[in-house]
Amino acid sequence: MSEKLEKQGPQGAAAPEGDVPVARTQDDPTGRVCQWEEDGCTVLRTNARTGPGCHDNCGVLMYVRDGVLEKIEGDPENPYNQGRLCPRCLAFKEMLYHEDRLKYPLKRAKEDRGKNAFERISWDEAYDIIEREMKAVIDEYGNEAIWVTQGTGRDINGYGPLMAQYLGTPNYGTGFLSGIACYGPRIFSTALKSGGLFVCDYSQFFPDRYDDPRWEAPEYILVWGNNPMVANSDGTLGHWVVESMKRGSKLIVMDPTLTWLAGKADVWFQLRPGTDAALALALCDQIIKDDLYDHEFVSCWCYGFDEFAEHVSQYPVSFAAETCGVPEDLIVEAARKIGRAKSCCLQWGVAMDHTSEGFITGMACFDLMALTGNFENPGGMLAADPAFGMSVTWSPRGSVWDECSEPIPHPERKNHGGYKALEAMNGISPDALLEAMETGEPYPIKAMFMMQNNAIACMGAQPQRILPALQKMEFNVVVDLFLTPTALACADVLLPAACFAERIGITGHQPYALGAIAQAVEPLGECKSDQRIIYELGDRFAGRDHRPWDSEQDFYDYLLRSTGFTYDSLKERAWAYPEFEYKKYEKGLLRPDGTPGFATSTGRYNFYCAEMAYFGFSPFATYEEPPESPVSAPELAEKYPLVLTTGARKWGFFHSEHRQSPSMRRLHPEPEFLVHPETAAAYGIADGDWCTISNNLGSARLRAHTSVRIRKDTVSADHGWWFPERGPEDGTLFGTLESNINQLVPMRPGKSGLGASYKSQLCRIDKIEE
């Protein structure tokens, strides 16, 4: 343990030992065993988080024989997943021991970008190169000329900002994700309404789960733009919905495709992609007209209801029916079911963010929850604050890294693209940063530090713009598990990251519990954890004295110093659930000052949102057509008459990952698009035909999968495809641009700078004649 940590006490607290916090938990770890011997294997009880990528923290049992991981199973005692695992985790060994894993640091000459001309080097040489080249960029262009990026779903979410702080750059965030269109739009806009993030109540805040007497199953679950059975996204497991259904929950599903849950729903809205806000506002209007809203909650805890009621009257069910392409009577039926339900919750998905005005869509859906009083009630929407205040493993709050380096010299130089909403949330604009790479305005971007970010193949809209922009940078660093198309295209230094079985850590990306990641095997070759790479590189820029820890375990002890846990004490129990209460807004548990209410500017839920007026928008949730739609762009629709939605999750893949996994590729061997048989026939296309999907921006090659499950005017295309089996020598970057549907998606955010049109484009389909 470092000298600084010893002085701070066993939890790293700066106060005397007697003042070290005590963690108050619901679960009793007595008798919980976290390591044992079984049939010649050492079994470790731990949590899977991450890579490969995932949005969850499933409890696992890792069976190790002679230093090698033999198998992985779900932990039936872990309350989070109760023994269940997705196919990707069950096939984890295929990724861990894959022959293509990066095992050593590599370098390559700048003129060889795009070629497999890497040379193995030591970690010291890699750090020397990065220090030299990054400092050269800083000296000539300033710290802000460096952009530090990350992908989605890894547990670097909270640690990446430390890398940016070490480099002194204010430009940190998701790499080339237009409009930060993954959770960011919903989280920020609804925080303006409710004061924070709220999630569905599936009993996941209780260690005894469905048996806890305080919990009640939601009467209705609104599954909106989400397929949780496959996606398991954002710390929510799909089987929680099923377990709630077993206990009486009913479903209302909004999805252009008939999913398994849609087939079980009381009401299924097969709406046109990008029109969700119109439906939400019409539901609100109908509930008010039927006088089914929660008068007590609205009167006592909401702000601006009368004005809101007048506002939504311009969105009657007739408007939503025509706009969304769904029956009027279905909207009325759903509104009355929601209004009369004892409890209701919103299971939302990234589809809300994947429209140009996705920033607004989440607000409209939250208004529906507030209107019916479904905040902090059993079966409703619950505040999702970090467990034990441990925000760094999800989204760092406040000054968590302040002691670790000098402050960023010019935080005001953060490129938020002039968007007031992004400035308010202290966020970058990936769209504006790409433009800065291309034009040098308002200042140039000259170097990239990319962690687990395969932007060309996955999150980046218009990769045909991103590729040349990356290749003209003066210096690029990539950290990843494999040689990805992005790494092959641009990396000058390529660093090998460890998988979760090869390192220690702490769980994150969910607010229910805190857990430890236990190392099961030694890292392959010289792989290191993302966190260790960050702070070791930090020594080159901030100096060793800025780091109050000596080892990785010290690092996590430092982060846990205010929780009442050390890494060892957390590892010995595997998970810990904080105390929980319903109706927190009544008890002063949501506001920093301890007074009743919501943590908003008014202390209430804001139907009328003054911050939106400051940003230059209506203070109410509104509906606006997607920029490319049959309604807003009729001339474009004549040439490209089909609505294109992209990125629906697949069982075997996490975004662009797992394409190397043999068993996952057997589940989904080729890139596909879903199309109605009648639509396909009109274009002379049969099931299994290779086709070109195209629009005014670009085209991609995918195989047709015909199904009556999808709207006749819509096609749904896979995302994240590349072909590792081709190898890096064929000159196509693993074929990533051949089937990359993002070539049809503009790198253009919504008017707020948040949200983007990944799921609401126009296209046409044509059979490829062999």
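Modeller: Before we dig in, contact here means heavy atoms within 4.5 Å. This is a predicted model, with residues numbered from 1 along each chain as its sequence is written. Local features need pLDDT of at least 70 and side-chain atom pairs count only at pLDDT 80 or more, while totals for chains, interfaces and linings use all residues, and side-chain values use heavy atoms, leaving out hydrogens and water.

Biologist: OK, what is the mean pLDDT of the chain?

Modeller: pLDDT is the predictor's confidence in each residue, from 0 to 100. Here 97% of the residues reach 70 or more. Over residues 1–17, though, pLDDT stays under 50. The mean for the chain comes out at 95.

Biologist: How many residues are in the largest nonpolar core?

Modeller: A nonpolar core is a set of buried Ala, Val, Leu, Ile, Met, Phe, Trp, Tyr and Cys residues joined through side-chain atoms within 4.5 Å. Buried means under 20% relative accessible area, exposed over 50%, and partly exposed in between (1.4 Å probe, protein chains only). Residues with the most contacts inside the largest core include M134, W224 and L283. Its residue count is 189.

Biologist: Which residues does L283 touch, leaving out those up to four places away in sequence?

Modeller: L283 sits in that largest core, among the residues with the most contacts. With sequence neighbours up to four places away left out, L283 touches W224, M254, I331, A334, A335, I338 and L368.

Biologist: On to charges: which residue forms a salt bridge with R413?

Modeller: A salt bridge is a side-chain nitrogen of Lys or Arg within 4 Å of a carboxyl oxygen of Asp or Glu. For R413, the closest N and O atoms of the pair are 3.2 Å apart. The partners are 269 residues apart in the chain. The partner of R413 is E144.

Biologist: How far apart are the closest N and O atoms of R544 and D550?

Modeller: R544 is partly exposed at 31%, and D550 is partly exposed at 45%. Their salt bridge has its closest N and O atoms at 2.4 Å.

Biologist: Last one: how many salt bridges does a search of the whole structure find?

Modeller: Some salt bridges form a network, linking R84, E243, K246 and R247. The search of the whole structure gives 48.

Note on methods
Helix = DSSP H or I, 4+ residues; strand = E, 2+ residues; numbered from the N terminus.
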